[in-house]
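Please have the sequence and the model in view while reading.

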Amino acid sequence: MMVCVDFSALITKNFTQNLDDDIHNYIVDVLTSSQGDFGSSDDVFEAVGDILLEVDSNETKVKNFCEILFSNMSSESRNNESNGVRRLDAPVSIDSDNSVSSVSNLTGGSLWMAKTNENTLIDSEANEALADSKKVKKKDNGPSEPANASSGAVASQSISKKDAKSDAEGRNMSRDIHIEDFDLSFGDNILFINTSLHLNYGRRYGFVGRNGIGKSTLLKAIADKSLMIPSHITILIVEQEVTGDDTLVIDSVLQSDTTLTELRKKEKKYTEENDTAALADVFNQLELIDADSAPARAGEILAGLGFKPEDQKRTTREFSGGWRMRVALARALFMKPDLLLLDEPTNMLDLAAIIWLEEYLQSWPTTLFFVSHDRRFLSTVATDIVHAFNRELDLYKGNFDQFESTKNERLKNQKRQFEAQQQYREHIQVFIDRFRYNANRASQVQSKLKLLEKLPELKPVEEEAEVVFRFDNCEKLHPPILYLSEVWFWYNKENPIFTNVDVNASLESRIAFVGRNGAGKTTLLKLLTGDLNPSKGFRHAHKNLKISYFTQHHVDQLELNVSPIELIAKRFPGKKEEFYRSCLGKFGVSGSLALRQLNMLSGGQKSRVAFTLLNMMAPHFLILDEPTNHLDMETIEALADAITAYSGGVIVVSHDEYLIKKTCHEVWLCKEKGVQILEGGIVEYRKLLEAELI
C-alpha cells in the first residue's frame, strides 16, 4: 500500500518563499512516486536535494527537511503495518472477480525503479483530441485500465473482457504482448492517442522517434504495467544504477537471480541441519537451472561490459555511477526476463563494450524492446523498428537501414496517392462547377457529387520538421593554436598516465579521441584545455584562444527551476529577449519550448540548451565529450552538419561511429601511455577492437 504522507503541506510549511507551483508539484510527484524506494534520508536528499538547494541554499536546512520527510514516510509505513497492511513485494493485477494474482517475480533491489520524467510540449488541439478519444473508448470492450500511480504517467486502454478473463483464469500463456488502442499522457502532455503496440516473443524491437515524444515514458508504463500486460510475463527495465555498497560486483549479478539465491540459502541451511532428503531436492533444482555455470555466465557478461577479472571482485561502492549502470545492465542480461526494456543502453558504454553487446544481443532468446539513437547498434541488433511519430506507433519489419528505406518509400507513395487524388477531385469539381446550373446535365452533376463523396479521404503527408544546428563562426587566429610537446603526466610518478606525448591541433582540426575507459582520454582533454598541467613537457595555447567544453555533467548541472531564456539571460545579462530567442533558435529551442522550465524538458532538449550556452561563449575551439547522449538521430545529424560548417577547431570524444565518420578527419587512439594517430580512422579502430574480442 502506498504510504500516505501530505508532502505538499510539509513543503509549504518549510519553504514559504521562492518556490513556484511547477517546482512544488514536481517535488511532490517525485516523492509520491518513489517513496517506497527510499531507504534513508540520504536517498530523499539525492532525489530532491539539488532542487531544494536552488530554492534555499542552506544545505543543513535542506538535509534536515529530508530527514523530516523520511521520518514521516517511515512513521506512516509503521502505522500501516500495525493495521495489518503491508507493501507488496511485486506488482499485482486485480481482475473483474476481485481476485489478486502476482504479475512479476522479478524483484530484487535497485535494478529498476519506476520514475517518469519524460515531458513534451502539446497544443490545445491535442488535448481536445485526447478528450474525443476517451469518448470513443467508452464501448463494450470493458473498463479502461487505470494508470499506475508509481509511474507518474496516465494511461488508458480499451480492454477485451474475453482477454481479461482468460488472463485471470491463467489460460493465456502466450508470451506475445498486444497492447491495443491505448492513450498515454504525462500531466497535460499527450504522448500517444489511440495507438497499439505488438511485441512478438523472441523478436528484438528498436524504438525510435524524436526527443521528447514519449519513448522513455512508454517503456516505464510497460514496466510498471500501467498498460495491461499478461500477468505471467516477467518484465525488467534498466534505468538506474545499482546501489554502491560492500557487495562484490560478481555477487551483485548472481544475486539478481532470486531463484538461485534462495536455493543457495536452502543448501546452506540443510547442510548445517544434515537434512539429506531436503538437500537432494535442492541439488536437483540447482541442476535444473544450471547453477554450477552461473558464476562463469555472470563473469562472461561482466567481462564483455568492460570489467576485468580483478574488478569483478571489487565492491560496487568503489565504482562510479556509470560503471554501476553497467552492473545494472549485467544483472538484467543475466536474469533474462520475458521482456527486457533498455533505454539508451549504449550511453553508458565505450565502443569496445558496445561491440560486445551488439554481438551478445543478436542471440537474445526472449523479447527485447529498446530505445537507441545509435544507427549502427539499431541496424545490428534490431529485427524490427517501432517508430513514434504524431502520437502514434508504426511497426516496420527489418533493421534500421531497412526501416529508413521503407519509410522513405512509403512517404513517397503517400505523396503520390494524395497528389493524384487531389488532381482527380479538381477535375471532377471543374465539371460540377461548370454544369451545376445546367438542367440537361443535372443527372451527371449529381453522379459526380456522389462520386466525390465516395472517394476515400486522404490527408496531406505529415513529415517531421527538419532539425538545424548552427555554431557561430569564430575569429581567425594565426598558428600555432594548440599543441603538447614531449608531455608526461602522472599522479604517481612511478605509474605515469602519459609519456612523451606530442600532438597538435589547429582551427581546421576535426579530431576524435578513442580508447578504452581508463586509457586517459579525459586526462588528455584536460591537458589540452589547461585544466591540468603537464608533469613534464610543454603545453602551448594561443594567447587569445577560447575553448568551450561540453560534457554530460554540464547538462546535468543546469538550473532546473528556470526557463531556457531565463537561464541564458542569467549567464549573459543585458540583452533583449529577442536576442536570447535567436541564440536558442540556432539549436532548435524555439516557441513555447524556450519558456518551459528545464525540469520539464527531455534530456535531448536540455542538451540543446547546453549547446546554446557553449556557442554564446564565442569559442575558437569546441571540445565535445559524449555530445550525442540523449540526442535523437535527426539531432545528431544536425550536430554533425554544424560541426562540419564550424570555422573553429573541434575535438570529439564519442562512442557514436556515425558522428565520428561524418565529422572527424583524424582519430587519436589513447593506448599504452601514449597517443597514436590511426590512419584508417574509426573503421580501423573498430577492427582492432573486434580482433581483441575474438
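## The largest cavity

In this predicted model, the largest cavity has a volume of about 50 Å³. The count of cavities of 30 Å³ or more comes to 1. Rolling a probe the size of a water molecule over the atoms shows where empty space is left.

Which residues line the largest cavity? They are E344, T346, N347, H373, D374, T628, N629, I636, H655 and D656. Sorted by class, this lining has 6 polar and 3 charged residues, with 1 nonpolar residue.

## The second largest pocket

The second largest pocket holds about 1300 Å³ of space. Its lining is made of 42 residues, and those closest to the centre of the pocket are F389, L411, E462, E463 and E464.

Several elements give two or more residues to this lining: the strands β5 (189-199), β6 (204-209), β10 (384-389) and β11 (392-397), and the helices α16 (400-435) and α23 (633-645). Which element gives the most? That is α16, with 10 residues. By class, the lining of the second largest pocket divides into 18 nonpolar, 17 charged and 7 polar residues.

## Helices α9 and α10

Two packed helices are described by the angle between their axes and the distance between the axes. For helix α9 (residues 258-273) and helix α10 (residues 276-288), the axes come within 9 Å and cross at roughly 155 degrees. An angle over 145 degrees counts as roughly antiparallel, and α9 and α10 are therefore roughly antiparallel to each other. Their crossing is left-handed.

On the α9 side, the contact is made by L260, L263, R264, K266, E267, Y270 and T271. On the α10 side, A278, L279, V282, F283, Q285 and L286 take part. The contact of α9 with α10 has 8 nonpolar, 2 polar and 3 charged residues.

## Helices α11 and α13

Helix α11 (residues 294-304) packs with helix α13 (residues 321-335) at an angle of about 135 degrees, and their axes are 9 Å apart.

From α11, the contact is made by A294, R297, A298, I301 and L302, and from α13 by A330, L333 and F334. By class, the contact of α11 with α13 has 7 nonpolar residues, 1 charged residue and no polar residues.

Conventions:
Residues numbered from 1 in each chain as written. Predicted model: local features only at pLDDT ≥ 70, side-chain atom pairs only at ≥ 80, totals over all residues. Heavy atoms only, no water. Axes fitted to C-alpha atoms, helices over the stretch in contact; angles between N-to-C directions. Helix = DSSP H or I, 4+ residues; strand = E, 2+ residues; numbered from the N terminus. Parallel < 35°, antiparallel > 145°, perpendicular 65-115°, else oblique. Left-handed = near helix turned anticlockwise from the far one by under 90°. Contact = heavy atoms within 4.5 Å. Nonpolar A, V, L, I, M, F, W, Y, C, P; charged D, E, K, R; others polar. 1 Å grid on protein atoms, 1.4 Å probe; cavity = no way out; pocket = protein on both sides within 12 Å on 5 of 7 lines; lining within 4 Å. Points joined across faces, edges and corners; volume = space filled by probe spheres on them.
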